[in-house]
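Biologist: Thanks for sitting down with me. Could you put the model up so that we can go through it together?

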Amino acid sequence: MIPFSPPRIDQKIIDAVVDTLQSGWITTGPKTKLFEQNLCEYTSAKKVLCVSSASAGLELALRWFGVQEGDEVIVPAYTYAASANVIIHCGAKPVFVDSGKDLNVLVEDIKQKITSKTKVIIPVDIAGFPCDYDEINALVKQQEIRANFNARTKEQEKLGRILILSDAAHSLGAIYKGKKIGSLTDITVFSFHAVKNLTTAEGGALCFNLPDFFNHDDLYKQLNTKSLHGQTKDALSKMQIGNWQYDIVEAGYKFNMTDIQAAMGLVELERYDRDMLVKRKSIFDFYNIHFSSTDWAIIPEYETEEKTSSYHVFTLRIKGINEEIRNQIMQQIFQDGVSVNVHFIPLPKMTYYKSLGYKMGDYPQAFNNYEQLISLPVFYDLSEKQMQKIVEVVKNAVESILFNR
Ligand SMILES: *Cc1c(COP(=O)(O)O)cnc(C)c1O
């Protein structure tokens with residue numbers, strides 16, 4: 001069976017983890033701080049804070065901005081549950097928007113759904129392909145939208161407009177108009193979960209690029225404290241001789257990254273552009289060449305004049321099929337020894353979100369993208385022979401099912 005996306009665990013990663021275990025320091029410490037600095041350089045963000053997951057990072061950002069009951073947060077219907085669940089945790093209401101044909105949020109639909117209750121927009125770079133950031137950033141600065149913004153906390157008052165919090169769980173290394181993801185919106189959150197391009201088993205990072213009237217060093221301190229029970233000193237500085245006293249300034253969270261995770265991240269980041277992204281691009285190119293010769297395949301956009309993907313998920317779509325046929329095709333592919341997936345089942349199809357009254361029919365393009373989509377394996381150790389098998393198995397499954405209908 002060809003797996004879908006196993007992590008890249010080589011001797012270098014193993015050595016880095018063992019090194020950390022033997023160093024005497026396994027929780028948040030020097031390696032986490034170094035990983036933050038390296039991510040900051042890599043993304044050109046103003047400041048980076050590492051946390052235990054992207055979900056934790058998104059929630060931390062919403063809590064910092066003071067999102068609460070009575071507020072609305074705009075998020076795509078077509079994303080993983082984490083992007084919307086964190087809004088629910090804060091007591092606010094997720095307002096879903098429909099997708100475009102590139103799977104990303106439709107800026108026009110965002111615009112229509114902004115109300116005086118909107119506090120945050122969470123765009124998601126689906127499959128690693130950047131959203132239309134110039135348009136999204138411009139939207140929240142428009143005079144009439146700004147005038148309609150109803151600040152309820154001092155952070156909201158200071159920003160004076162809707163916050164853009166991008167869910168970049170898929171898009172580390174992706175480029176938009178010459179700039180790396182992480183430097184484009186107020187706050188960007190990456191995921192280092194086991195299936196993501198760069199993995200620390202579990203992990204995440206927040207990149208800050210708020211306007212300069214926010215002091216980013218203070219912001220870092222504030223969110224770092226919030227990510228560790230509101231404690232004024234972290235474990236490492238408490239270890240210094242005589243430095244045992246600390247205070248708790250708020251009922252914060254337990255969202256910190258460990259040095260074991262950061263050790264993996266440091267190895268991966270150092271070789272990310274020249275190795276991981278090169279390999280992933282070659283897999284995308286291979287699929288592109290082999291599927292674009294068929295008359296049924298819709299190839300995902302991954303390189304345009306303005307945007308370069310991080311090549312996270314290859315989202316192949318099949319023209320004109322419905323959910324039932326797609327599922328039959330997937331079944332056949334699995335039987336022939338290839339693991340495939342669907343990114344994503346839209347949130348209005350989920351029991352919980354249905355129970356809140358959301359309806360799939362309200363997001364027709366998201367549903368259309370979903371029903372025609374099959375995500376193919378993309379991972380570092382995928383061999384040329386395996387890629388050939390995947391192409392053959394997928395073509396066979398699609399053609400035998402389409403032509404025998
Ligand atoms: C994986 C994923 C997340 C959550 O990341 P974690 O680090 O597991 O919390 C959020 N959003 C999207 C779109 C994802 O795919």
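Biologist: How many salt bridges does the structure hold?
Modeller: This is a predicted model, where local features need pLDDT of at least 70 and side-chain atom pairs count only at pLDDT 80 or more, while totals for chains, interfaces and linings use all residues. Residues are numbered from 1 along each chain as its sequence is written, and side-chain values use heavy atoms, with hydrogens and water left out. A salt bridge here is a side-chain nitrogen of Lys or Arg within 4 Å of a carboxyl oxygen of Asp or Glu. By that rule, the number of salt bridges in the structure is 22.

Biologist: Which residue meets Lys-177 in a salt bridge?
Modeller: Lys-177 sits in the loop between strand 6 and strand 7 (179-180), and the pair links distant parts of the chain, 129 residues apart. Strands are DSSP runs of E, at least two residues long, and helices are runs of H or I, at least four, both numbered from the N terminus. The N to O distance is 4.0 Å, and the partner is Glu-306.

Biologist: How much area do domain 1 and domain 2 bury between them?
Modeller: The domain assignment gives domain 1 (11-269) and domain 2 (272-402), with bounds from an automatic or database assignment. Buried area is the accessible area (1.4 Å probe) that two parts lose on being put together, summed over both. Carbon and sulfur atoms carry 58% of it, and the total is about 3,200 Å².

Biologist: Which residues of domain 1 lose the most area to domain 2?
Modeller: Together they make up 23% of what that side buries. They are Tyr-78, Phe-129 and Asn-197.

Biologist: How many salt bridges does the rule find across the interface of domain 1 and domain 2?
Modeller: Elsewhere in the list of salt bridges, the side chains of Asp-132 and Lys-307 meet at 2.7 Å, N to O. For the interface of domain 1 and domain 2, the rule finds three.

Biologist: Which residues come nearest to the ligand?
Modeller: A residue counts as near if one of its heavy atoms lies within 4 Å. There are 16 residues around the ligand, and those that come nearest are Ser-55, Asp-167, His-170, Ser-191 and Lys-196.

Biologist: How far is an oxygen atom of the ligand from an N or O atom in the side chain of Ser-55?
Modeller: A polar contact is a pair of N or O atoms within 3.5 Å; within protein, one must be able to donate a hydrogen and the other to accept it, and residues adjacent in sequence count only if both atoms are side-chain atoms. For His-170, a polar side-chain atom lies 2.6 Å from a ligand oxygen. For Ser-55, the distance is 2.5 Å.
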